[in-house]
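Here are my notes on this model, as numbered points. Please read them with the structure open.

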Amino acid sequence: MAERKLRFAHVLLPEGWANDVAIALSREGSIVAVTANETDGREPTIAGFAVPGMANVHAHAHQRAMAGFAEVSSTGTDSFWTWRETMYGFALAMQPAELEAVAAQLYMESLLAGYTSIGEFQYLHHAPDGSRYGRPAEMSLRCLSAAATTGIAITLLPTFYRYAGFKNQPAAAGQRRFVNDPAGYLDIVHDIQTEVLKQDNARLGISPHSLRAVAVDELREILQEFDRLQPSGPIHLHAAEQSREVEECLTATGKRPIEFLLGNFGISHRWCVIHATHMAESETAELARSGAIAGLCPTTEANLGDGIFNARQFRDEGGMIAVGSDSNISVSVAEELRQLEYSQRLKFQARNVLAGGPSRSTGRTLLEAVATGGARALGQPQGAIASGLRADIVVLDQQHGSLIGRSGDNVLDSWIFSGGNACVKDIFVAGQQLVQQGQHIDGHNITARYRKALEALKAKL
Ligand SMILES: [Zn+2]
């Protein structure tokens, strides 16, 4: 039963652009009807261009605090692994209340960038000295609370992290906050499951950190219990991000990471493989066919010097993609998609590589691909403005310099390749307006708490 309506001047619907669109909502904020060319409504019409809310499928909230602090050369031959040392410094210092403040800032910034849900790949489980908190999921629940503060939808993906290498080497001292045995990890999962059920727009998934951090038999045990809890819940894992990781996997198992995954687990549409940067052609084809989503983080992958995802072949093979802000060096739907396309342009010395065919807009093709892939990767009912889905809507500002004189798909291309985050004007999650004219409704308080947390954190480093 429709409770109320929202009206938008221009809307990207699954069948294309439409004008004067009335969207009828249920009490819970689901879309119950979409009607175009309806000009006689009582509600005010929201100006601008309305598009579906996007999913930020991969973020580590705590890393938001260090964005920009690892851009000074530490050794002269810096790499992912030297960046990781800086990240561990922040990770080891962060108290629960600080994580909550940092996460709220990140989630608000995600909303301001056009994301309406977040996949929190959370591996900071224990106290700074490695001891357990009274509540097993203390740190993850802080992220859940940060999501409630900002209004963003969340899929919490607590991380199973056990070892420091493919040969099950014991975790290092710097990893003490991350590490669990399967029983300890499942305590965290059960604790979150209870709380997720109480919060609107919250979901539970799991995230085995990477093949180098887990043992196959233990992961199987965890997957079995998760199947019982959430038969179609999402499973995320980092794989093939670094070439050193590929070499170590080959040495330990005789297989490349994606090849090993495909051969040892029932990889399906429930899986979101984060990065999947270094794949052979056969792995690319098989991963695409498996139905798994490639969770791409192009700005982080560029910042860390990871490598270039084989996007053209993966898309040609029918592979599904989604994007995430990962290290949060940039939090922007537009920048992720721009970097993804630009990496292919530089690689192939060509333009509009991912447009999907003649006369197609690159921006629209990419946006629709990650809207659908992202919704599936997080198990969230979003990804399009259509009946049955949650009313997660991003409104782009027609007055922004980059969007003046644009219409239809030109709006998307101009947002993604030119204007970026500054084009985002209003955000609705489940029909609730959280961002108005580029400002979050509680932005002042969220940033004040973040500033305090940052001061406390920096004093400890
Ligand atoms: Zn990550």
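**Helix packing and the metal site**

1. Start with helix 12 and helix 13. On the helix 12 side, T362, G363, R364 and L367 make the contact; on the helix 13 side, D409, L412, D413, W415, I416 and F417 do. By class, this contact has five nonpolar, two polar and three charged residues. Note that the model is predicted.

2. The geometry of that pair comes next. Helix 12 spans residues 362-378, and its axis comes within 7 Å of the axis of helix 13. The two axes cross at roughly 80°. Angles of 65 to 115 degrees count as roughly perpendicular. Helix 12 and helix 13 are therefore roughly perpendicular to each other.

3. Helix 13 (residues 409-419) also packs on helix 11. Here the angle is about 80°, and the axes are 8 Å apart. This pair, too, is therefore roughly perpendicular. Helix 11 contributes V333, A334, L337, R338, E341, Y342 and R345. Helix 13 contributes W415, I416, F417 and S418. The contact of helix 11 with helix 13 has seven nonpolar, one polar and three charged residues.

4. W415, I416 and F417 deserve a look. They meet helix 12, and they also take part in the contact with helix 11.

5. Now helix 2 (residues 96-112) and helix 3 (residues 138-150). Their axes come within 8 Å and cross at roughly 40°. Roughly parallel would need an angle under 35 degrees. Helix 2 and helix 3 are therefore oblique to each other. Their crossing is right-handed.

6. Which residues in helix 2 and helix 3 meet? From helix 2 come P96, A97, L99, E100, A103, A104, Y107, M108 and L111. From helix 3 come E138, M139, R142, C143, S145, A146, A147 and T150. By class, the contact has twelve nonpolar, two polar and three charged residues.

7. E100 is worth checking by eye. This residue lies in helix 2. Leaving out residues up to four places away in sequence, E100 touches R142, S145 and A146.

8. Then the zinc ion. What are its protein donors? They are H58 (NE2), H60 (NE2), H238 (NE2) and D326 (OD), at 2.1 to 2.5 Å from the ion. The angles among the four donor atoms run from 86 to 172°, and the site is irregular.

9. Along the chain, the donors of the zinc ion follow the spacing H-x1-H-x177-H-x87-D. H60 sits in the loop between strand 5 (54-59) and helix 1 (80-93), and D326 in the loop between strand 13 (320-323) and helix 11 (333-348), so the pair ties together parts that are 266 residues apart in sequence.

Technical notes: Residues are numbered from 1 along each chain as its sequence is written. This is a predicted model: local features need pLDDT of at least 70, side-chain atom pairs count only at pLDDT 80 or more; totals for chains, interfaces and linings use all residues. Side-chain values use heavy atoms; hydrogens and water are left out. Axes are lines fitted to C-alpha atoms, for helices over the stretch in contact, and angles run from 0 to 180 degrees between N-to-C directions. Helices (H or I, at least four residues) and strands (E, at least two) are DSSP runs, numbered from the N terminus. Angles under 35 degrees count as roughly parallel, over 145 as roughly antiparallel, 65 to 115 as roughly perpendicular and the rest as oblique. A crossing is left-handed if the near helix is turned anticlockwise from the far one by less than a right angle, and right-handed if clockwise. Contact means heavy atoms within 4.5 Å. Ala, Val, Leu, Ile, Met, Phe, Trp, Tyr, Cys and Pro count as nonpolar, Asp, Glu, Lys and Arg as charged, and the others, Gly among them, as polar. Donors are N, O and S atoms within 2.8 Å of the metal (3.2 Å for Na, K and Ca); water is not among the atoms, so sites may look incomplete. Four donors count as tetrahedral if all angles lie between 85 and 135 degrees; four count as square planar and six as octahedral if opposite donors are over 155 degrees apart and all others between 65 and 115; anything else is irregular.
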